[in-house]
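Let's walk through this model together, beginning with a pair of packed helices and then widening the view. Please keep the structure open beside you as you read.

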Amino acid sequence: MNKRSIRVLEYDKIVKKLEGFAQSEIGKIKCKNIKPIIDLNQINILQDETDEAYRLIIKSGNPPLFGLFDIKSSLMFAEKKGALTPLNLLRIADGLRVVRALKKYMDTDGNDDFVCISKLIKNLTALRSIEEEIYRAIVSENEISDDASRELKSIRIQLRRKNDDIKDKLNSIINSKTGSSALQDTIITVRDGRYVVPVRSEYKSRFPGVVHDQSSSGATVFIEPLAIVNLNNEIRMLELKEAEEINKILKRLSEMVAEYKNEIAVNQDILSELDYIFARGRLALELKASRPNLNLDGIINLKNAKHPLLNVEEVVPISVRLGEDFSTLVITGPNTGGKTVTLKTVGLLTLMAQSGLHIPADEGSILAVFEDVFSDIGDEQSIEQSLSTFSSHMTNIVSILNNLNPRSLILLDELGAGTDPTEGAALAMAILDRLLSQRIRTIATTHYSQLKVYALSTDGVKNASVEFDIDTLSPTYKLLIGIPGKSNAFEISKRLGLDESMIDKAKDLISTENKEFEDVLSGIEKDRKLIEEKRKEIEAYKLEVESLKQKLSKEINRANDRRDRLISEAESEAHKILASAKEEASEILSEMNKLRSRTDKADIKRAHELTDSLRKSADQFESMDFDFLNIKSEDDIGELKLGDEVEVLTLGQSGHVIELPDSKGNLTVEIGILKVNSHIDQIKRVKSSQKAESETKIKNIIRDKSRQSISNEIDIRGRNIEEAIFELDKYIDNAYLVGLKEIQIIHGKGTGVLREGINKYLKKHKLIKKQRLGEFSEGGDGVTIATLK
């Protein structure tokens, strides 16, 4: 790939951004060495990896890749039977801990969706026994644990006893009458690894012992009393034994590491590769980027692309296409209008895509894989070489023409500028002709009207322009393909206050052909704006129709709910009436049975009255219309066909038959966007011959790529308890929402007040399952590890 183009397109700044997302030095080195490649298969593999990392971070948060160091030299030293330092052994153990954490990280996800990353993690070798042995033996880079061996523990117990004996002996000397008068200060100190006391110079002859040092003033001498010389000697011997035992422990641990040197070395290579892959995924999240579709046919179709080094929230996106029906794109427009940014965006996104990086553009954007990207962008006038602007550009263009191949992308800024306009335009057309004849993909910017005409009249060449708002006298930065840029010099001058007579004079001085051409461009621009306004109106109508459809759907749902409620209430009331009628009839019949056995006229009259009452109740019950809930059509529906327009009587709404009646007479009618089940007796044909056009199904896809990537740690050092809990509460909520299982809270050691306050808060938090202080490798007492529910 052309080095000058890589520099001019600022590819190195993308590399710097990528380095910032790596979590380890070995990962940063991998990021620093990233380069565009030209093998499509290899590029697609890199894109697969980036895509998997992007999705994994969104799904599970950042992977546990902290604590990685370059340990290759340590492994070589261990292989040569050398004893590694505690620091180097701890770094090896840290790497093994990351291996285990990564395997656990992938166990929680469907590996079928993350083939590339799963394969890498599967090839990692977990060596838990070595990891745990190192952590058990080494407390820190400067301290070996007492439990590292039995011998070391025994030696240190003896040392502590001897030290206690010496301190007791020295305290008795310090507190004696002779000692207190001879001592400069009642303290015990150490010189050359031996316990001494500070004695006044004038008393040194009266204080038996070995002089080890004296103060700078000479007033004090540091004497080892004879009474503790033997004890000091014994301590010194124990210290030598301790050092010897520590060396044996380090030697033993180093031999364990050397035995698995190859596995640990492979682990480091894979871990650095994973850090590099996840750095690409984090960069994609930062840029709100997507995976491009790549091809070898020279086709570019960028949709709403943004320059990755500009603020993605503020930059105006551009859509660019090239390589299908035309191979050369000529862009015109005002200065600072975005022409050069367009060139750099296309070039830089091409380099990023060929490096396996996602690009800040809409999904479905297409980029070609080029063997080389050549650019002539910016003013690189060289005083030392006595080259003018034109000469500098032309020197570079000659080099490009001599080195290009059919799979090259050429980006030319202000082609032919810096010399006589007529000659410059002629040269520009000749250069574009040469590139066009070889079907080289070319994007060129210019101010020359001749090149606009050239693009309009030449097959395989297309005009484009950057939009300019005359009312505000500023560019909109929108790229319009197919429309040449109109010269706005006269309009701008007029709005800035230049005398109109001077503007008219200037118009008279330009050729009739140029006037006519500018008039045509003005007409095209007016038509384009009119079409754009109509398109916006149509979009507004579409939104209004969509809103009405949603309202109708809600109204129908409410009507159905009301109908169901009324039916339920009516059925309940009917059951009550039936129950009441049955009870009343039962009572009447019971009384009539009693009266039948009597012959008294009054009883017979009473029986007749009860019979009439029972008949009236029966008539009243029979007159009740319980079928008011099941409205039936009085018309003969006849034979139905799919698509027939009918009215559902229970709803009072019209629709189309989409499922014919079954053996029981049940059918389905589509009313707007709803599908309603009904019976053939409850529908009637709609006499109107007009039929509504079928509507497309509603699509409402909500895509949110701005999900926040939540770190698995929060640093609250320096806060008071109230501030810390306020930040921590928000962080725990976010961590729970994105599915983090374990978080690290860095509060520092300090006085311990913040640590205690945080632990009390965590114990009462409804989202926290358990918490503990960190191990040494995790930060010790300065870190609390919390597990979420």
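In α15, the residues Pro421, Thr422, Ala425, Ala428, Met429, Leu432, Asp433 and Leu436 meet Gln450, Leu451 and Tyr454 of α16, where contact means heavy atoms within 4.5 Å. By class, this contact holds eight nonpolar, two polar and one charged residues; here Ala, Val, Leu, Ile, Met, Phe, Trp, Tyr, Cys and Pro count as nonpolar, Asp, Glu, Lys and Arg as charged, and the others, Gly among them, as polar.

The model is a predicted one, in which local features need pLDDT of at least 70 and side-chain atom pairs count only at pLDDT 80 or more, while totals for chains, interfaces and linings use all residues. Residues are numbered from 1 along each chain as its sequence is written, and side-chain values use heavy atoms, leaving out hydrogens and water.

How do these two helices lie against each other? The axes of α15 (residues 421-437) and α16 (residues 449-457) come within 9 Å and cross at roughly 30 degrees, the axes being lines fitted to C-alpha atoms over the stretch in contact, with angles from 0 to 180 degrees between N-to-C directions. The helices are therefore roughly parallel to each other, a label for angles under 35 degrees, whereas those over 145 count as roughly antiparallel.

Now turn to α8 (residues 128-137) and α11 (residues 229-259), whose axes come within 10 Å and cross at roughly 165 degrees. That makes α8 roughly antiparallel to α11. Their crossing is left-handed. Ser129, Ile130, Glu133, Ile134 and Ala137 in α8 meet Ile249, Arg252, Leu253, Met256 and Val257 in α11. This contact divides into seven nonpolar, one polar and two charged residues.

Next, have a look at two backbone positions. Asn304 is not a glycine, yet has a positive phi of about 50 degrees; Asn304 is found in strand β8 (residues 300-305). Glu414 also is not a glycine and has a positive phi of about 50 degrees, and Glu414 lies in the loop between β13 (408-412) and α15. Asn304 is partly exposed, with a relative accessible area of 35%, and Glu414 is partly exposed at 21%; buried means under 20%, exposed over 50%, and partly exposed in between (1.4 Å probe, protein chains only).

Finally, step back to the whole chain. Of its 789 residues, 42% count as buried.

Technical notes:
Helix = DSSP H or I, 4+ residues; strand = E, 2+ residues; numbered from the N terminus. Parallel < 35°, antiparallel > 145°, perpendicular 65-115°, else oblique. Left-handed = near helix turned anticlockwise from the far one by under 90°.
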